[in-house]
Amino acid sequence: MMWLYLAGLLGLYFLFRWYRERQTVQNLSDKYVLITGCDSGFGNKVAQQLDQLGMRVLATCLTQKGAEQLKEATSQRLQTIIMDVTNRDSVAAMAEWVKEQVGDKGLWGLVNNAGIGIPMAPNEWLTLDDFTLVINVNLIGMIDVTLSLLALVRKAQGRIVNVSSVSGRVPVIGGGYAISKSGVEAFSDSLRQDLSSFGVKVSIIEPGAFQTNITFRGALKASLDGIWNQLPSEVKKSYGETSLKNYHRRFDSLLGVMKGDLSPVTDSMEHGLTAVYPRARYSAGWDAKLLFIPLSYFPTRVTDYIIAKL
(Lines give C-alpha, C1' and ligand atoms only; values in the text may rest on other atoms or scores of the structure.)
Protein backbone atom coordinates (compact mmCIF):
# COMPACT_ATOMS: atom_id res chain seq x y z
CA MET A 1 0.00 0.00 0.00
CA MET A 2 2.84 2.39 0.87
CA TRP A 3 4.49 1.79 -2.52
CA LEU A 4 1.22 2.58 -4.27
CA TYR A 5 0.96 5.82 -2.28
CA LEU A 6 4.53 6.79 -3.19
CA ALA A 7 3.94 5.95 -6.86
CA GLY A 8 0.87 8.18 -6.82
CA LEU A 9 2.82 11.07 -5.29
CA LEU A 10 5.57 10.62 -7.86
CA GLY A 11 3.02 10.61 -10.67
CA LEU A 12 1.43 13.79 -9.34
CA TYR A 13 4.84 15.45 -9.13
CA PHE A 14 5.68 14.68 -12.77
CA LEU A 15 2.20 15.74 -13.87
CA PHE A 16 2.58 19.04 -12.04
CA ARG A 17 6.07 19.53 -13.51
CA TRP A 18 4.80 18.76 -17.02
CA TYR A 19 1.95 21.28 -16.64
CA ARG A 20 4.22 23.93 -15.14
CA GLU A 21 6.84 23.64 -17.89
CA ARG A 22 4.25 23.91 -20.68
CA GLN A 23 3.25 27.44 -19.65
CA THR A 24 4.72 30.04 -22.02
CA VAL A 25 5.17 33.79 -21.75
CA GLN A 26 2.82 36.09 -23.61
CA ASN A 27 3.44 38.51 -26.48
CA LEU A 28 6.46 36.72 -27.96
CA SER A 29 6.22 38.86 -31.08
CA ASP A 30 7.18 41.93 -29.05
CA LYS A 31 10.29 40.37 -27.51
CA TYR A 32 13.84 40.87 -28.74
CA VAL A 33 16.42 38.07 -28.47
CA LEU A 34 20.12 38.37 -29.28
CA ILE A 35 21.94 35.16 -30.26
CA THR A 36 25.70 34.91 -30.77
CA GLY A 37 27.43 32.56 -33.19
CA CYS A 38 24.69 32.22 -35.80
CA ASP A 39 26.81 31.33 -38.86
CA SER A 40 26.08 27.63 -38.34
CA GLY A 41 25.20 25.01 -35.75
CA PHE A 42 23.03 25.67 -32.70
CA GLY A 43 22.96 29.43 -33.18
CA ASN A 44 21.84 29.24 -36.80
CA LYS A 45 19.11 26.70 -36.08
CA VAL A 46 17.71 28.42 -32.98
CA ALA A 47 17.68 31.78 -34.79
CA GLN A 48 15.43 30.23 -37.45
CA GLN A 49 13.36 28.47 -34.79
CA LEU A 50 12.68 31.64 -32.80
CA ASP A 51 12.02 33.62 -35.96
CA GLN A 52 9.30 31.12 -36.85
CA LEU A 53 7.74 31.77 -33.44
CA GLY A 54 7.49 35.43 -34.36
CA MET A 55 10.17 36.70 -31.98
CA ARG A 56 12.41 39.60 -32.97
CA VAL A 57 15.75 37.87 -33.45
CA LEU A 58 19.02 39.81 -33.44
CA ALA A 59 21.69 37.42 -34.71
CA THR A 60 25.44 37.95 -34.56
CA CYS A 61 27.57 36.23 -37.17
CA LEU A 62 31.33 36.07 -37.57
CA THR A 63 31.20 36.27 -41.37
CA GLN A 64 29.19 38.21 -43.92
CA LYS A 65 28.46 34.97 -45.77
CA GLY A 66 26.94 33.44 -42.65
CA ALA A 67 24.78 36.51 -42.10
CA GLU A 68 23.52 36.54 -45.69
CA GLN A 69 22.65 32.84 -45.65
CA LEU A 70 20.75 33.22 -42.38
CA LYS A 71 18.75 36.18 -43.67
CA GLU A 72 17.81 34.20 -46.79
CA ALA A 73 16.39 31.44 -44.57
CA THR A 74 14.36 33.70 -42.26
CA SER A 75 11.78 36.48 -42.26
CA GLN A 76 12.41 40.20 -42.55
CA ARG A 77 12.05 40.51 -38.78
CA LEU A 78 15.42 38.89 -38.20
CA GLN A 79 18.35 41.30 -38.18
CA THR A 80 22.05 40.42 -38.30
CA ILE A 81 25.30 42.08 -37.31
CA ILE A 82 28.91 40.98 -37.81
CA MET A 83 30.65 40.49 -34.47
CA ASP A 84 33.78 38.84 -33.10
CA VAL A 85 33.28 38.01 -29.42
CA THR A 86 37.04 38.29 -28.81
CA ASN A 87 37.19 41.88 -30.10
CA ARG A 88 36.20 44.44 -27.46
CA ASP A 89 35.41 47.14 -30.05
CA SER A 90 33.25 44.70 -32.01
CA VAL A 91 31.30 43.76 -28.88
CA ALA A 92 30.85 47.42 -27.92
CA ALA A 93 29.55 48.25 -31.40
CA MET A 94 27.11 45.34 -31.17
CA ALA A 95 25.82 46.60 -27.80
CA GLU A 96 25.13 50.07 -29.22
CA TRP A 97 23.34 48.51 -32.19
CA VAL A 98 21.16 46.41 -29.88
CA LYS A 99 20.21 49.49 -27.84
CA GLU A 100 19.02 51.18 -31.02
CA GLN A 101 17.04 48.10 -32.06
CA VAL A 102 15.22 47.42 -28.78
CA GLY A 103 14.56 50.99 -27.67
CA ASP A 104 12.57 51.20 -24.44
CA LYS A 105 11.54 47.54 -24.53
CA GLY A 106 14.88 46.24 -23.33
CA LEU A 107 16.34 42.90 -24.37
CA TRP A 108 14.17 39.93 -23.43
CA GLY A 109 16.70 37.21 -24.26
CA LEU A 110 20.44 36.74 -24.61
CA VAL A 111 21.72 33.42 -25.93
CA ASN A 112 25.49 33.07 -25.51
CA ASN A 113 26.13 30.38 -28.07
CA ALA A 114 29.34 31.38 -29.89
CA GLY A 115 32.12 28.90 -29.23
CA ILE A 116 34.96 26.78 -30.61
CA GLY A 117 36.40 23.42 -29.60
CA ILE A 118 39.71 23.11 -31.44
CA PRO A 119 42.52 22.59 -30.55
CA MET A 120 41.96 19.52 -28.39
CA ALA A 121 44.86 17.31 -27.30
CA PRO A 122 46.68 16.15 -24.18
CA ASN A 123 47.58 19.25 -22.18
CA GLU A 124 51.35 18.83 -22.55
CA TRP A 125 51.02 18.85 -26.33
CA LEU A 126 49.48 22.32 -26.30
CA THR A 127 50.87 25.83 -25.91
CA LEU A 128 49.48 28.65 -23.80
CA ASP A 129 48.20 30.27 -26.99
CA ASP A 130 46.22 27.10 -27.75
CA PHE A 131 44.46 27.41 -24.40
CA THR A 132 43.81 31.14 -24.59
CA LEU A 133 42.43 30.87 -28.14
CA VAL A 134 39.54 28.71 -26.96
CA ILE A 135 39.04 30.36 -23.57
CA ASN A 136 38.88 33.83 -25.10
CA VAL A 137 36.00 32.79 -27.36
CA ASN A 138 34.05 30.45 -25.08
CA LEU A 139 34.39 32.24 -21.76
CA ILE A 140 35.95 35.72 -21.87
CA GLY A 141 33.99 36.66 -24.99
CA MET A 142 30.78 35.38 -23.43
CA ILE A 143 31.39 37.42 -20.29
CA ASP A 144 32.12 40.55 -22.36
CA VAL A 145 28.91 40.15 -24.37
CA THR A 146 26.87 39.51 -21.22
CA LEU A 147 28.19 42.50 -19.31
CA SER A 148 27.64 44.80 -22.30
CA LEU A 149 23.95 43.81 -22.53
CA LEU A 150 23.09 43.13 -18.89
CA ALA A 151 21.35 46.47 -18.27
CA LEU A 152 19.06 45.86 -21.26
CA VAL A 153 18.18 42.35 -20.05
CA ARG A 154 17.52 43.68 -16.55
CA LYS A 155 15.23 46.33 -18.00
CA ALA A 156 13.11 43.69 -19.71
CA GLN A 157 13.31 41.30 -16.72
CA GLY A 158 14.38 38.82 -19.34
CA ARG A 159 16.38 35.65 -19.82
CA ILE A 160 20.01 34.66 -20.30
CA VAL A 161 20.80 31.25 -21.82
CA ASN A 162 24.45 30.18 -21.77
CA VAL A 163 25.68 27.20 -23.76
CA SER A 164 28.03 25.05 -21.70
CA SER A 165 28.81 21.36 -22.29
CA VAL A 166 28.97 18.05 -20.46
CA SER A 167 32.74 18.64 -20.72
CA GLY A 168 32.24 21.42 -18.21
CA ARG A 169 31.42 18.66 -15.74
CA VAL A 170 33.47 15.72 -17.05
CA PRO A 171 36.48 16.62 -19.24
CA VAL A 172 37.31 13.89 -21.74
CA ILE A 173 40.49 15.43 -23.20
CA GLY A 174 42.88 18.29 -22.47
CA GLY A 175 42.86 21.81 -23.85
CA GLY A 176 40.90 24.98 -23.29
CA TYR A 177 37.45 23.63 -24.16
CA ALA A 178 36.59 21.86 -20.91
CA ILE A 179 38.25 24.63 -18.90
CA SER A 180 36.17 27.29 -20.65
CA LYS A 181 32.94 25.35 -20.20
CA SER A 182 33.63 24.87 -16.48
CA GLY A 183 33.99 28.64 -16.35
CA VAL A 184 30.67 29.06 -18.16
CA GLU A 185 29.03 26.93 -15.47
CA ALA A 186 30.47 29.00 -12.63
CA PHE A 187 29.75 32.35 -14.27
CA SER A 188 26.16 31.33 -15.05
CA ASP A 189 25.49 30.14 -11.52
CA SER A 190 26.82 33.34 -9.96
CA LEU A 191 24.93 35.42 -12.53
CA ARG A 192 21.68 33.64 -11.69
CA GLN A 193 22.19 34.41 -8.01
CA ASP A 194 23.03 38.06 -8.73
CA LEU A 195 20.01 38.67 -10.96
CA SER A 196 17.25 36.68 -9.29
CA SER A 197 16.01 39.71 -7.34
CA PHE A 198 15.59 41.60 -10.64
CA GLY A 199 13.34 38.94 -12.15
CA VAL A 200 16.00 37.82 -14.64
CA LYS A 201 16.30 34.06 -15.14
CA VAL A 202 19.57 32.39 -16.17
CA SER A 203 19.72 28.93 -17.77
CA ILE A 204 22.63 26.68 -18.68
CA ILE A 205 22.50 24.26 -21.63
CA GLU A 206 24.74 21.21 -21.21
CA PRO A 207 24.80 19.41 -24.58
CA GLY A 208 26.30 15.99 -25.13
CA ALA A 209 28.03 15.13 -28.42
CA PHE A 210 26.54 16.98 -31.39
CA GLN A 211 28.06 17.62 -34.81
CA THR A 212 27.34 21.29 -35.41
CA ASN A 213 29.56 21.75 -38.46
CA ILE A 214 30.22 19.36 -41.35
CA THR A 215 33.88 20.40 -41.45
CA PHE A 216 34.47 19.63 -37.77
CA ARG A 217 35.42 15.98 -38.29
CA GLY A 218 38.31 16.72 -40.65
CA ALA A 219 39.41 19.83 -38.77
CA LEU A 220 39.62 18.00 -35.44
CA LYS A 221 41.86 15.21 -36.73
CA ALA A 222 43.98 17.56 -38.85
CA SER A 223 44.51 19.78 -35.81
CA LEU A 224 45.71 16.80 -33.76
CA ASP A 225 48.19 15.79 -36.46
CA GLY A 226 49.47 19.35 -36.75
CA ILE A 227 49.99 19.59 -33.00
CA TRP A 228 51.87 16.27 -32.95
CA ASN A 229 54.16 17.29 -35.80
CA GLN A 230 55.23 20.42 -33.93
CA LEU A 231 56.01 18.67 -30.64
CA PRO A 232 59.61 18.54 -29.38
CA SER A 233 61.26 15.18 -30.05
CA GLU A 234 61.56 14.47 -26.32
CA VAL A 235 57.78 14.80 -25.83
CA LYS A 236 57.09 12.58 -28.86
CA LYS A 237 59.48 9.96 -27.56
CA SER A 238 57.92 10.05 -24.07
CA TYR A 239 54.37 9.60 -25.32
CA GLY A 240 55.20 7.35 -28.29
CA GLU A 241 53.61 7.08 -31.71
CA THR A 242 50.93 4.76 -30.30
CA SER A 243 49.54 7.63 -28.22
CA LEU A 244 48.75 9.59 -31.40
CA LYS A 245 46.96 6.55 -32.84
CA ASN A 246 45.07 6.09 -29.59
CA TYR A 247 43.85 9.69 -29.66
CA HIS A 248 42.81 9.31 -33.29
CA ARG A 249 40.76 6.27 -32.27
CA ARG A 250 39.35 8.28 -29.37
CA PHE A 251 38.28 11.05 -31.74
CA ASP A 252 36.82 8.49 -34.15
CA SER A 253 34.71 7.11 -31.30
CA LEU A 254 33.57 10.59 -30.34
CA LEU A 255 32.74 11.55 -33.92
CA GLY A 256 30.94 8.28 -34.43
CA VAL A 257 28.37 9.04 -31.73
CA MET A 258 27.93 12.73 -32.56
CA LYS A 259 24.33 13.53 -33.45
CA GLY A 260 23.37 15.66 -36.43
CA ASP A 261 19.90 16.50 -35.09
CA LEU A 262 20.45 19.70 -33.09
CA SER A 263 16.86 20.05 -31.91
CA PRO A 264 17.43 18.72 -28.35
CA VAL A 265 19.73 21.70 -27.81
CA THR A 266 17.72 24.33 -29.67
CA ASP A 267 14.46 23.18 -28.08
CA SER A 268 16.13 23.65 -24.68
CA MET A 269 17.20 27.15 -25.72
CA GLU A 270 13.65 27.93 -26.84
CA HIS A 271 12.20 26.67 -23.56
CA GLY A 272 14.69 28.74 -21.57
CA LEU A 273 13.53 31.85 -23.43
CA THR A 274 9.80 31.26 -23.74
CA ALA A 275 8.70 29.20 -20.71
CA VAL A 276 7.19 30.98 -17.72
CA TYR A 277 9.26 28.68 -15.52
CA PRO A 278 12.53 27.86 -17.33
CA ARG A 279 14.97 25.37 -15.85
CA ALA A 280 18.27 26.44 -14.37
CA ARG A 281 19.95 23.59 -16.30
CA TYR A 282 19.10 21.64 -19.44
CA SER A 283 20.91 18.41 -20.33
CA ALA A 284 20.58 17.90 -24.08
CA GLY A 285 21.10 14.46 -25.62
CA TRP A 286 20.76 10.98 -24.15
CA ASP A 287 24.52 10.68 -23.68
CA ALA A 288 24.39 13.78 -21.49
CA LYS A 289 21.38 12.56 -19.50
CA LEU A 290 22.36 8.92 -19.04
CA LEU A 291 26.17 9.00 -19.03
CA PHE A 292 28.02 12.27 -18.52
CA ILE A 293 25.73 14.04 -16.04
CA PRO A 294 25.52 10.94 -13.79
CA LEU A 295 29.30 10.48 -14.12
CA SER A 296 29.84 13.95 -12.71
CA TYR A 297 28.39 12.73 -9.39
CA PHE A 298 30.46 9.53 -9.21
CA PRO A 299 33.62 9.25 -7.10
CA THR A 300 36.56 10.70 -9.06
CA ARG A 301 38.38 7.38 -9.40
CA VAL A 302 35.29 5.71 -10.79
CA THR A 303 34.68 8.52 -13.28
CA ASP A 304 38.31 8.50 -14.44
CA TYR A 305 38.20 4.72 -14.92
CA ILE A 306 34.98 4.79 -16.95
CA ILE A 307 36.17 7.67 -19.15
CA ALA A 308 39.43 5.83 -19.84
CA LYS A 309 37.54 2.68 -20.79
CA LEU A 310 35.10 4.58 -23.01
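Predicted model: local features only at pLDDT ≥ 70, side-chain atom pairs only at ≥ 80, totals over all residues.
I'll start with the cores. The largest nonpolar core holds 49 residues. Those with the most contacts inside it are Leu34, Met94, Val98, Leu107, Trp125, Leu149 and Ile160. Several elements each supply at least two residues of this core: strand E1 (32-35) and helices H4 (88-102), H5 (128-156), H6 (176-195), H7 (216-229) and H9 (241-257). H5 gives the most to this core, with 10 residues.

Take Val98 as an example. Setting aside residues up to four places away in sequence, Val98 touches Leu34, Leu58, Leu107, Leu149 and Leu152. There is also a second, separate core, of 28 residues, which includes Val57, Leu70, Tyr282 and Ala284.

Next, helix H3, residues 64-72. Which of its residues are buried? They are Gly66, Ala67 and Leu70. Viewed down the axis of H3, these buried residues fall within an arc of 100°, so they line one face of the helix. On the other side of H3, Lys65 and Glu72 are exposed. As for what the buried residues of H3 pack against, the partners are helix H2 (41-52), strand E2 (56-61) and strand E3 (79-82).

Now a loop residue. Met83 sits in the loop between E3 and H4. Is Met83 buried or exposed? Met83 is buried, because its relative accessible area is 4%, and the cut-off for buried is under 20%. Leaving out neighbours within four places in sequence, Met83 is in contact with Thr36, Thr60, Cys61, Leu62, Ser90, Val91, Met94 and Val145. For a sense of distance, the C-alpha atoms of Met83 and Leu12 are separated by 47 Å, and the two residues are 71 residues apart along the chain.

Last, the second largest pocket. Its volume is about 300 Å³. The pocket is lined by 13 residues, and the closest to its centre are Pro264, Asp267, Ser268, Arg279 and Lys289. Where does the lining come from? Helix H10 (263-274), strand E7 (281-284) and helix H11 (286-295) each supply at least two residues, and H10 gives the most, with 5 residues. By class, the lining has 4 nonpolar, 4 polar and 5 charged residues.

That is the end of the walk through.

Note on methods. Residues numbered from 1 in each chain as written. Heavy atoms only, no water. 1 Å grid on protein atoms, 1.4 Å probe; cavity = no way out; pocket = protein on both sides within 12 Å on 5 of 7 lines; lining within 4 Å. Points joined across faces, edges and corners; volume = space filled by probe spheres on them. Helix = DSSP H or I, 4+ residues; strand = E, 2+ residues; numbered from the N terminus. Nonpolar A, V, L, I, M, F, W, Y, C, P; charged D, E, K, R; others polar. Buried < 20%, exposed > 50% of the residue type's maximum accessible area, 1.4 Å probe, protein only. Arc of directions from axis to C-beta. Contact = heavy atoms within 4.5 Å. Core = buried A, V, L, I, M, F, W, Y, C linked by side-chain atoms within 4.5 Å.
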